[in-house]
Amino acid sequence: MFDLKEHPHRRYNPLTREWVLVSPQRTQRPWQGQVEDVVQETLPVFDPTCYLCPGNARAGGARNPSYTATFVFDNDFAALKPETPRGTLNEDGLIVAEGEPGICRVACFSPRHDLTVARMSVAEIHQVVETWVAQYVELGAMPFINWVQIFENRGAMMGASNPHPHCQIWANQSLPNEPGKETAAQDEYHKAHQSCLLCDYLALELKSGARLVAENEGFYALVPFWAIWPFETMLISKRHVTGLDQLSTAERNNLADILKRVTASYDKLFQVSFPYTMGFHQRPTDNLAHHEWHLHAHFYPPLLRSASIRKFMVGYEMLAMPQRDITAESAATRLREIANQDVSVD
């Protein structure tokens, strides 16, 4: 009999309408691949050489104010520029380019250099959430901005160039690839079923419970059925809201709480400050209601078997489809056991 726990199979992601190959029989294979060096850094509260610490000069020459909470500034080396000309190049539909205006910002979570989301208090993270809301509203109100992407790269393994707690906010004129897939999928589902894709998906997850990791009054954290990364998680609001700006004050505090619980659980999993890319997906800012959209966040951590063994997306995964060994259910079980304990991080 076919068994998801034992036999190779593929799983469907209704948000992107793509598939992932799952090979649970490979979890016992010996690892002979790359092993990363694990460096447990002890960071100072203030680093005079850090370009994100209060009062320090940044690489572009500007000097940070002596901020005491969150601090947002335009990226000194932005990937997008608001004054970009809106020209086009099109040669027979095969060689195509378009100018892409936009804005890139950096948001520091705290003046303290030594913190991570896992080590911040819920009250401190709530301030970060309020900053995200304000930036989403401000940037989204600009006439040429149709998508606001809030994301954090945590750890050198994920390309973070500075350990100071911060995220980036890129605001685009056009809808990027991944949100474009999710917009189309949610819109078509909403039209076909007169209901929300993620609301209906949550109902199925609650019936099973196998992939739930944690919850509070406002949010669920779960390993999605179609997860690609070994310990990938999604945060989904319990109430159907389309963006961060629609969260009540209590729900914003719930978001802060679930962010701390998930990141602290990650740190406990392999006893290391867990690397990840995290980002929010919410409605485009094109002045349409987008009732089909349901606010959620994706966590994509690369660690596979230990703090020193990471997953690589290469070979078959680059040329055919993503593949994973550990099942979403196994990953959720491990994370849930930690999340149900006291996961506070000193």
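Let's start with helix α2, residues 177–193: at 1.5 Å a residue, its 17 residues should span 24 Å, and the end C-alpha atoms are 24 Å apart, which agrees. The expected span here is 1.5 Å times one less than the number of residues. Helices (H or I, at least four residues) and strands (E, at least two) are DSSP runs, numbered from the N terminus.

Before I go on, a word on the source: this is a predicted model, where local features need pLDDT of at least 70, side-chain atom pairs count only at pLDDT 80 or more, and totals for chains, interfaces and linings use all residues. Residues are numbered from 1 along each chain as its sequence is written, and side-chain values use heavy atoms, with hydrogens and water left out.

Back to α2. Which of its residues are buried? They are Pro-179, Glu-182, Thr-183, Ala-185 and Gln-186. By buried I mean under 20% relative accessible area; exposed is over 50%, and partly exposed is in between, with a 1.4 Å probe and protein chains only. Those buried residues of α2 pack against β7 (147–154), α3 (197–208), β12 and β13, where contact means heavy atoms within 4.5 Å.

Two strands pair if DSSP finds at least two bridges between them. Strand β6 (residues 102–108) pairs with β8 in the antiparallel sense over seven bridges, and β7 runs antiparallel to β8, joined by five bridges.

Now the open sheet. Three strands form it in the order β1-β2-β16, with mixed pairing. The edge strands are β1 and β16 (323–324), each pairing on one side only. Between β1 and β2 there are five bridges in the antiparallel sense, and Tyr-12 has Trp-19 in β2 as its bridge partner.

Last, some backbone angles. Most residues other than glycine have a negative phi. Arg-17, though not a glycine, has a positive phi of about 60°. Arg-17 sits in the loop between β1 (9–13) and β2 (18–22), and is partly exposed at 36% relative accessible area. And where is Asn-287? In the loop between β12 (276–281) and β13 (296–300). Asn-287 has a positive phi too, near 70°, and is exposed, with a relative accessible area of 77%.
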